[in-house]
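User: I am new to reading protein models, and I would like to learn how to go through one feature by feature. Could you take me through this one slowly?

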Amino acid sequence: EAAVSVWGIYCQLQKFVIIIVYGLNYGMIPIIAYNYGAKRKDRVMEAIKFFLKLGLIVTAVGTIVVMVFPVQILNAFEVSKETIKIGIPAFRILSSGFMFASVNMILSASFQAFGNATYSLIIKLLRKIIITVPLIYIFKEIFGITYPFFVESQNMVYDKNGRGRYWKEPFRFNGKLYYITSQWYEHNRVKFDDWFNKLNRM
């Protein structure tokens, strides 16, 4: 539930940053299209570079704000302590993609201005579905929602109630004992055992 809340807040927060880039897109399409039709390739390239830089500046500022003030942003939504705990690293990781999204959106709009809707659609699908969805599934299956996913035995972490955040049974790798985070679900243990055994055989 806390993780879902974090994702919902992030999506709302992301809109404040990305909507500015959308505005840049709507402004650049007629400029690029006009100069492309006039065979002014120099102005086309100049416009693309200008809007790329502007988009990167906007998203860089958004990234810095989210990375520096995640607690203040989460507190504005009056969320629980658990949500804040999950949200701080989540916001910092997710916001690191703002600038990449900006480049993707500007390039997509550029192809749209050229009249090449197919390339524009492909770029959008890569960002929103083709790359994103498989990565979400893979990272969720491997890492759960937190990281690091294992620590050396002497670095076991306990919460304020004295409970360990890692599985009770350690795993041995290269002569050392490691504990795996309890943020993994128990039904992941079989898959992890298989992966860990393969790693030991390498």
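Analyst: Let us begin with burial: a residue is called buried when its relative accessible area is under 20%, exposed when that area is over 50%, and partly exposed in between, using a 1.4 Å probe and protein chains only. Ser95, at 0% relative accessibility, therefore counts as buried. Please keep in mind that this is a predicted model, in which local features need pLDDT of at least 70 and side-chain atom pairs count only at pLDDT 80 or more, while totals for chains, interfaces and linings use all residues. Residues are numbered from 1 along each chain as its sequence is written, and side-chain values use heavy atoms, with hydrogens and water left out.

User: Where does Ser95 sit, and which residues is Ser95 in contact with beyond its neighbours within four places in sequence?

Analyst: Helices are DSSP runs of H or I with at least four residues, strands are runs of E with at least two, and both are numbered from the N terminus; Ser95 is placed in helix α4. Contact means heavy atoms within 4.5 Å, and, once neighbours within four places are left aside, Ser95 is in contact with Tyr10, Thr63, Val66 and Met67. The C-alpha atoms of Ser95 and Gly62 are separated by 7.8 Å, although these two residues are 33 residues apart along the chain. A polar contact is a pair of N or O atoms within 3.5 Å, where within protein one must be able to donate a hydrogen and the other to accept it, and residues adjacent in sequence count only if both atoms are side-chain atoms; here the side chain of Ser95 reaches the backbone oxygen of Phe91 at 2.8 Å.

User: How should I read a nonpolar core, and how many residues does the largest nonpolar core have?

Analyst: A nonpolar core is a set of buried Ala, Val, Leu, Ile, Met, Phe, Trp, Tyr and Cys residues joined through side-chain atoms within 4.5 Å. The largest nonpolar core has 15 residues, and those with the most contacts inside it are Met28, Ile32, Phe51 and Ile106. The elements that give two or more residues to this core are α1 (2-37), α2 (41-68) and α5 (98-113), and α1 gives the most, with six residues. Apart from this core lies another, of 14 residues, among them Ala2, Tyr10, Leu13 and Phe91.

User: What does Ile32 touch, not counting residues up to four places away in sequence?

Analyst: With that rule, Ile32 touches Val44, Ala47, Ile48, Ser110, Ala113 and Phe114. Ser110 lies in helix α5 and counts as buried at 3% relative accessibility; leaving out residues up to four places away, Ser110 touches Met28, Ile32 and Ile48.

User: How can I check the length of α5, and which helices do its buried residues pack against?

Analyst: The expected span of a helix is 1.5 Å times one less than its number of residues. Helix α5 has 16 residues and reaches 23 Å from its first C-alpha to its last, close to the 22 Å expected. Its buried residues, including Phe98, Met105 and Ile106, pack against α1, α2, α4 and α6 (117-130). After α5 comes Gly115, whose phi is positive, near 85 degrees.
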